[in-house]
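Subject: Two-chain model, handover and findings

Hello,

Please find the structure below, followed by notes on what was found in it.

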Amino acid sequence: MTLDTEVIWVLARSTGTAALVALTLSILTGIALRTGTFAWLSHNRGVRVVHGFLTVLWIPLSLGHVIALLFDRYAQIGLVDLVIPFGVSYGRAASGLGTISAQLMVVVLLSTWLRARLTTGQWRAFHRLSYVAFAAAFAHGIMSGTDLANPAVAALAWAAALGVTLVAVRRLVVARGVAVSAARATRS
Amino acid sequence: MLRTLATAITLGSFGGMTVFANENLYTSNAPLQPAAVATPTPAPTTAPATVTTTRTTVRGSVTSTNTTALTRTKQS
């Protein structure tokens, strides 16, 4: 087997894992903007800067993952599969979820770049798609990941999911508390 | 500080995973592993004791004969 094939195989795995980590951090910092979860680390402005900065990390890593798989002749993923999910013969569901995740993140990115042209409600609706994108990316990693037998890799993946879940639940609780307080204020 | 931490975590996972993947190129549970490399061709369990080569020579022409040909028809 040629060296190129091995390099592509290694890159596909490492960029995929690192992209999931960067995406996790991006989601965590995004949620923390509303809940103050990372207030013990930095003020809200700092968290916002990091949230924006993380796109510099997860976009190239995600692109690297996709490009590596495009060149991987064992994955047999074509350009069409980046547009139409669930068309890959191998790992149809897992690959399809990866495609959906990538497409949703493109939508989120576009909505962020076009934020000035959108209403707050529209932008928020588009931005919330990142939760679905993360869930799809996580499922994609769990279903097609080849290194989950390793405890460290498995711990990393499940820690990412647990972290996002906990922070998201906290945000829901905070949002509910705010809503209840607003309702009481209206009544009194 | 938070940006440095996020970069360190991401690039650390990238570097760590690259080293790990390089050391474990073809894990047994890797569904995308190249079959040709991952599963080496099994050696035959019993080797043949002797190898016999048989050569058959096909004659290129048909021998002629002067004998009258006999044609047997079905008796009704």
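In this predicted model, 31 residues of chain A are in contact with 22 residues of chain B (contact: C-beta atoms, placed from the backbone, within 7 Å). Helices H1 (3-35), H2 (44-53) and H3 (55-71) of chain A each give two or more residues to the side that touches chain B; helices (H or I, at least four residues) and strands (E, at least two) are DSSP runs, numbered from the N terminus. H1(A) gives the most, eleven residues. By class, that side of chain A has 20 nonpolar, eight polar and three charged residues (nonpolar: Ala, Val, Leu, Ile, Met, Phe, Trp, Tyr, Cys and Pro; charged: Asp, Glu, Lys and Arg; polar: the others, Gly among them).

Residues are numbered from 1 along each chain as its sequence is written, and chains are lettered from A and ligands numbered from 1 in the order in which they are written. As the model is predicted, local features need pLDDT of at least 70 and side-chain atom pairs count only at pLDDT 80 or more, while totals for chains, interfaces and linings use all residues.

A:Gly46, A:Val47, A:Val49, A:Val50 and A:Phe53 of H2(A) meet B:Leu2, B:Arg3 and B:Ala6 of H1(B). These residues divide into six nonpolar, one polar and one charged.

Chain B itself has two helices and zero strands. Of its 76 residues, 8% are buried (20 or more other C-beta atoms within 10 Å of the residue's own, C-beta atoms being placed from the backbone).

Within chain A, the axes of H5 (residues 92-113) and H7 (residues 129-144) come within 8 Å and cross at roughly 155°. H5(A) and H7(A) are therefore roughly antiparallel (angles over 145 degrees). Their contact has 15 nonpolar, six polar and no charged residues.

The largest nonpolar core has 48 residues (a set of buried Ala, Val, Leu, Ile, Met, Phe, Trp, Tyr and Cys residues joined through C-beta atoms within 7 Å). H1, H2, H3, H5, H7 and H8 (151-187) of chain A, together with H1 (2-23) of chain B, each supply at least two residues of this core; H1(A) gives the most, 16. A:Ala22 and A:Leu23 have the most contacts inside the core. Leaving aside neighbours within four places in sequence, A:Leu23 is in contact with A:Trp58, A:Phe134 and A:Ala137.

Regards

Methods: Two residues are in contact if their C-beta atoms, placed from the backbone, lie within 7 Å. Axes are lines fitted to C-alpha atoms, for helices over the stretch in contact, and angles run from 0 to 180 degrees between N-to-C directions. Angles under 35 degrees count as roughly parallel, over 145 as roughly antiparallel, 65 to 115 as roughly perpendicular and the rest as oblique. A residue is buried if 20 or more other C-beta atoms lie within 10 Å of its own, exposed if 12 or fewer, and partly exposed in between; C-beta atoms are placed from the backbone.
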